[in-house]
Amino acid sequence: MARFIELVEGIEFDEDLYRYLVQYFSDSELDSMARAIKRPPSRYYIRVNTIKVDSASLIRILEARGFRAYPDEALEEAVWLPIEGPFRVESSPKYVVADKHASESVYLGANLYGPGVLYMPPGISRGDVVNVVSPRGDVVASGIAMVDSGSFKRGFRGVVVEVKESVYRLPKLRELPEYGFGLFYEQSQPAQWVGRVVEPREGEVIVDMCAAPGGKATHVAQLSGNRAVIHAFDRSWPKVAQVEFNAARLGVRVNAHVADSRYLDVDYPGLVGSVDKVLIDPPCSDMGVRPKLYYRLTMGDVVNYAEYQRQFIKVAYRLLKPGGALVYSTCTIPPMEDEDNVKYAESLGFKAVEVKIPAGLPALDGLSRRFHPHIHDSPGFFIAKLIKPK
Ligand code: SAH
C-alpha cells in the first residue's frame, strides 16, 4: 500500500508524488497551493459572446438584474462576478449525503438533485431543514428537503434539497434568459486565454482534439467571427452533443464529431498534413481545479495521464501543415503533464514558442505560461504553443 501525505485536510498525495513535486515547489508552497485548491477563486468568470453582445452591454444587463459584474483587466471578452463566502452553515440533526461531484456544486450554492444523492437516511420529511454533507462528512450547505426519505427512489432527477445556505455562493447565471440567448459562456480566465493563444484567422482549418463541452472550441469560433473551419472531436455521443448544444446556443459554427482522437490520423486521413492549428486540452490530473473538498492523487496517476496526453501530441504533429501551430493546455500542476510534454513535442520535431499573454507566469521552460492557484486567484493552468517547422 502506498503511503499518503495529507498536505492540508483532505488533500493527499502519495509519497512518490510528494517527492516528485517538492523538486519543483517548496514544501510551504505546496502547502499554500493545497490550501488554495480547497477554496474557490474570488472571481467567477464568464466569456462574453462577442458575436452577439459586447462586454460593457452585458455588464449593464447583469447589473440591471441585480448582479455585480466587472470587466477583466486585460481580456476584452472576459467578465467576472464575485464569489461570496465562506459563510457559516447552520448545522441540523438531519442530513443527506451527496456524492463528491454534487457536494462540490452544493458547496458553491447549487441545489442538490436526485442523481447526486448517495444516501438519504430514513426519517426525513418534505419541508425538514437538512444539511448536505460530502461522503467525507464535510457540511457543505443547509436547506429544505423537497421529498420524504420514504418516497425518494434511485432514478429521481428532481431537486432533493433546496439549498438556503452554502459555504460559498456563485452567481446563479444559468437561470437568466441571457444564458439561453447565448450571450455568455461560463469559463475560467486562464481557459479564455487559450482561445487567444490559438489566434484563429479566417479560412483556417482548426482541430480541437478534446473538445467537450466546447468551451474552447466555441471561443475559437467566436474569435474567428465564424470564419474558420473548426472540427471538434470528443470520444462519445453525449460529449459531442454538449458541444453541439453550446455551439447552437452561442450561434457559432463548429463541426462536432465522435472520435478517439488518438487515432484521428488513421480515421480521418483527409486531415493529415492539412490542418492549420490544433488545440489539445486533454484529460489531466485536474490539480488546478477549484474548489475541491478533498482530493487524492498518486504518481502513478500522473504518469498515466502524461502517457495518454502524448498520444494526442503525436497525432497532432501528423495532422498539422508545415508551419502549423499546436496549442496545448491543461488544468493541472505536475510538470510531467505540462513542460515535460512540451519537451516530448520537441522530440517529435515541434518547436516551442513563447506564449505572449499578459496573464500567469512564465513556465519552467521560460516560454509557456503557468497559472498557480495560490498566486493567481484562478484555477491552476498551463498553456504552451508549438510550431511544426516548415
Ligand atoms: N476543451 C474542453 C474541455 C476538455 S476536457 C473545453 O474547453 O470545454 C477533456 C475532454 O477530452 C473530455 O471531454 C473527454 O471526453 C475528452 N477525451 C478523453 N479522451 C479522449 C479521446 N481519446 N479522444 C477524444 N476525446 C477524448
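How do the residues of the shell around the ligand divide into nonpolar, polar and charged? In this predicted model, nine are nonpolar, three polar and seven charged.

**View 1. Shell around the ligand.** The ligand is surrounded by 19 residues, and the closest are Gly-215, Asp-234, Asp-260, Asp-281 and Tyr-308. Helix H7 (215-223) and helix H10 (299-319) each contribute at least two residues to this shell.

**View 2. Polar atoms at the ligand.** A polar backbone atom of Gly-215 is 2.8 Å from an oxygen atom of the ligand. An oxygen atom of the ligand also lies 2.9 Å from a polar side-chain atom of Lys-216. For Tyr-308, a polar side-chain atom is 2.8 Å from a nitrogen atom of the ligand. Of the 590 Å² of accessible area that the ligand has on its own, the protein covers 89%.

**View 3. Salt bridge between Asp-265 and Arg-318.** The closest N and O atoms of the pair are 3.0 Å apart. Asp-265 belongs to helix H9 (residues 264-267) and Arg-318 to helix H10, 53 residues apart. Asp-265 is buried, at 13% relative accessible area, whereas Arg-318 is partly exposed, at 44%.

**View 4. Salt bridge between Asp-276 and Lys-321.** The two side chains meet at 2.9 Å, N to O. With a relative accessible area of 17%, Asp-276 is buried; Lys-321, at 32%, is partly exposed.

**View 5. Salt-bridge network.** Salt bridges link Arg-3, Glu-15, Asp-16 and Arg-19 in a network. The structure holds 26 salt bridges.

Methods: Residues numbered from 1 in each chain as written. Predicted model: local features only at pLDDT ≥ 70, side-chain atom pairs only at ≥ 80, totals over all residues. Heavy atoms only, no water. Near = heavy atom within 4 Å. Polar contact = N/O pair within 3.5 Å; in protein donor to acceptor, adjacent residues only side chain to side chain. Areas by Shrake-Rupley, 256 points an atom, 1.4 Å probe, with all protein chains shown as cover. Helix = DSSP H or I, 4+ residues; strand = E, 2+ residues; numbered from the N terminus. Nonpolar A, V, L, I, M, F, W, Y, C, P; charged D, E, K, R; others polar. Salt bridge = Lys/Arg side-chain N within 4 Å of Asp/Glu carboxyl O. Buried < 20%, exposed > 50% of the residue type's maximum accessible area, 1.4 Å probe, protein only.
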